[in-house]
Amino acid sequence: HHCMFPQAAVYSTLHLVTNPYQADIDGVRFLGTSGQNVSDIFKYSNMEDHLEILEWTLRIAHLSPTSPDTLGCYPFYKSDPFILHDCPHVYFCGNAASFQSKEVKGMDGQRVLLLATPEIGR
């Protein structure tokens, strides 16, 4: 909500978006989350870092496989909004312990850049 960013809210360039969010910019598809989905999987798996989890969720084509069981969200019954139908070119998450990047092959053999970005202030 714009009340959380009172100094930035006065600028027309501030665009508040959903989490997760997908944007196409000049033909490049970006898909990102704030990182709760990745942190939740990290807690309940043997995966060792955020990039490994990003790559796994890309391979299974699901952003948040632990929702709504261990990660709170609205329980969708007829369709799952976290299923990936289109492979992004850049797939990122926030709130990681440190910055990491890796390039992998996507569902159709395309290149996908995975990015784990640290918490703001780290």
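Biologist: Which residue is the bridge partner of D24 in β2?

Modeller: Strands of a sheet pair through backbone hydrogen bonds, either parallel or antiparallel. Here the partner of D24 is R29. Strands β1 and β2 (residues 28-33) run antiparallel and are joined by five bridges. Two strands pair if DSSP finds at least two bridges between them; strands (E, at least two residues) and helices (H or I, at least four) are DSSP runs, numbered from the N terminus. This is a predicted model, with residues numbered from 1 along each chain as its sequence is written. Local features need pLDDT of at least 70, side-chain atom pairs count only at pLDDT 80 or more, totals for chains, interfaces and linings use all residues, and side-chain values use heavy atoms, with hydrogens and water left out.

Biologist: In what order do the five strands form the open sheet?

Modeller: The order is β1-β2-β3-β5-β4, with mixed pairing. Because β1 (21-25) and β4 (100-105) stand at the edges with a single partner strand each, one side of each has no neighbour in the sheet.

Biologist: What volume does the largest pocket have?

Modeller: Rolling a probe the size of a water molecule over the atoms shows where empty space is left. A pocket is an open set of points on a 1 Å grid over the protein atoms alone, where a 1.4 Å probe fits, with protein on both sides within 12 Å along at least five of seven lines; lining residues have an atom within 4 Å of a point. The volume, the space filled by probe spheres set on points joined across faces, edges and corners, is about 380 Å³ for the largest pocket. Among its 18 lining residues, N19, T33, S34, F92 and G94 are the closest to its centre. Elements β1, β2, β3 and β5 each give two or more residues to this lining.
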